[in-house]
Amino acid sequence: CGPAEFLTLIENAENIIMEHPDSALILLRKIDRSSLSSGKERADFSLLYSMALDKCYIDTTDDGVINVAVNYYKKHKPLNKRFMSLYYQARVYENAKDDEKAMQSISEASSIREEAVDTSYRIKALYVKARIYMRLFQFELQNETYEKISELTYASKSWGDYIQCSLDRANVNIILHNYLHNNITNIIIHITIIIFFIFFNN
């Protein structure tokens, strides 16, 4: 496709990828990758394509596509896309069951200043860390990560995510034999408050 058609397909895919990733993937597959002439075009396509695959639950283990975006955004802004490319690289490594590489990608992403990154992606990255800690049986670190997720979801008023994270924290505390700890009481109180908040605002 030509430059004008490429921009149209990319823009359309970006506009629908959050709610309709399957449709975005269809659009992206219409793009002839060999026609992409600039580093930015290749990076934007690679990032969107990786996003679409992940959101469609297509668990690729080949990092060839996302690495194009990672390598480009390591040297170019915006920082949010640098973070996103590293997050999706971590997801590929997680699919491949390579937790060491996945953690390296997430750690590199975490070094990007927080105000430059969308909160929803900071939460997604922390969930990757939490899953890795769980598989490594590092439950203390997993619990600490859930605490960070809880703070972010509460601050951003993402109540559904906050409740889910609170339940996840409760499960970890049970594993750690801390189920009588005051933290559990605090979690239950927070969940109750949020349920009442949601109920009375509907």
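Colleague: Which helix gives the largest share of the lining of the largest cavity?

Modeller: A word first: this is a predicted model. Two helices, H3 (39-55) and H5 (79-95), each supply at least two residues of that lining. The largest share is 4 residues, and the helix they come from is H5.

Colleague: How many cavities of 30 Å³ or more does the structure hold, and what is the volume of the largest?

Modeller: Rolling a probe the size of a water molecule over the atoms shows where empty space is left. With the threshold at 30 Å³, the structure holds 1 cavity.

Colleague: How do the lining residues of the largest cavity divide into nonpolar, polar and charged?

Modeller: The lining is made up of Ser50, Leu53, Asp54, Ile58, Thr60, Tyr88, Arg91, Val92 and Asn95. Asp and Arg count as charged, while Leu, Ile, Tyr and Val count as nonpolar. The division is therefore 4 nonpolar, 3 polar and 2 charged.

Colleague: On to the rings, then. What kind of aromatic pair do Tyr154 and Trp159 form?

Modeller: A pair of aromatic rings is described by the distance of the centres and the angle of the planes. The search of the whole structure finds 9 aromatic pairs. For Tyr154 and Trp159, the centres are 5.7 Å apart and the planes make an angle of 75°. Planes over 60 degrees apart count as edge-to-face, so this pair is edge-to-face.

Colleague: And what kind of pair do Tyr154 and Tyr162 form?

Modeller: Here the centre-to-centre distance is 5.4 Å, with 55° between the planes. Stacked needs an angle under 30 degrees and edge-to-face one over 60. The pair of Tyr154 and Tyr162 is therefore tilted.

Colleague: Which residue lies over the face of Tyr121?

Modeller: Tyr121 is linked by ring pairs with Tyr87 and Tyr88 into a cluster. Elsewhere, the charged end of Arg33 sits over the ring of Tyr49, 4.8 Å from its centre. Over the face of Tyr121, at 5.7 Å from the ring centre, lies Lys124.

Colleague: Now the backbone. Which residues does a cis peptide bond join?

Modeller: The place to look is the loop between helix H4 (64-73) and H5, where Pro78 is found. Omega is about 10° at the bond in question. That cis bond joins Lys77 and Pro78.

Colleague: Is Lys97, with its positive phi, buried or exposed?

Modeller: Phi of Lys97 is near 60°, in a residue other than glycine. Lys97 lies in the loop between H5 and helix H6 (99-110). Its relative accessible area is 73% and the cut-off is over 50%, so Lys97 is exposed.

Colleague: Where does Lys157 lie?

Modeller: Lys157 also has a positive phi, near 60°. At 60% relative accessibility, Lys157 counts as exposed. Its place is the loop between helix H8 (139-155) and helix H9 (159-175).

Terms used
Residues are numbered from 1 along each chain as its sequence is written. This is a predicted model: local features need pLDDT of at least 70, side-chain atom pairs count only at pLDDT 80 or more; totals for chains, interfaces and linings use all residues. Side-chain values use heavy atoms; hydrogens and water are left out. On a 1 Å grid over the protein atoms alone, a cavity is a set of points where a 1.4 Å probe fits but cannot get out, and a pocket is an open set with protein on both sides within 12 Å along at least five of seven lines; lining residues have an atom within 4 Å of a point. Grid points are joined across faces, edges and corners, and a volume is the space filled by probe spheres set on the points. Rings of Phe, Tyr and Trp (its six-membered ring) pair if their centres lie within 6.5 Å; planes under 30 degrees apart count as stacked, over 60 as edge-to-face and the rest as tilted. A charge sits over a ring if NZ of Lys or CZ of Arg is within 6 Å of the ring centre and within 35 degrees of the ring normal. Buried means under 20% relative accessible area, exposed over 50%, partly exposed in between (1.4 Å probe, protein chains only).
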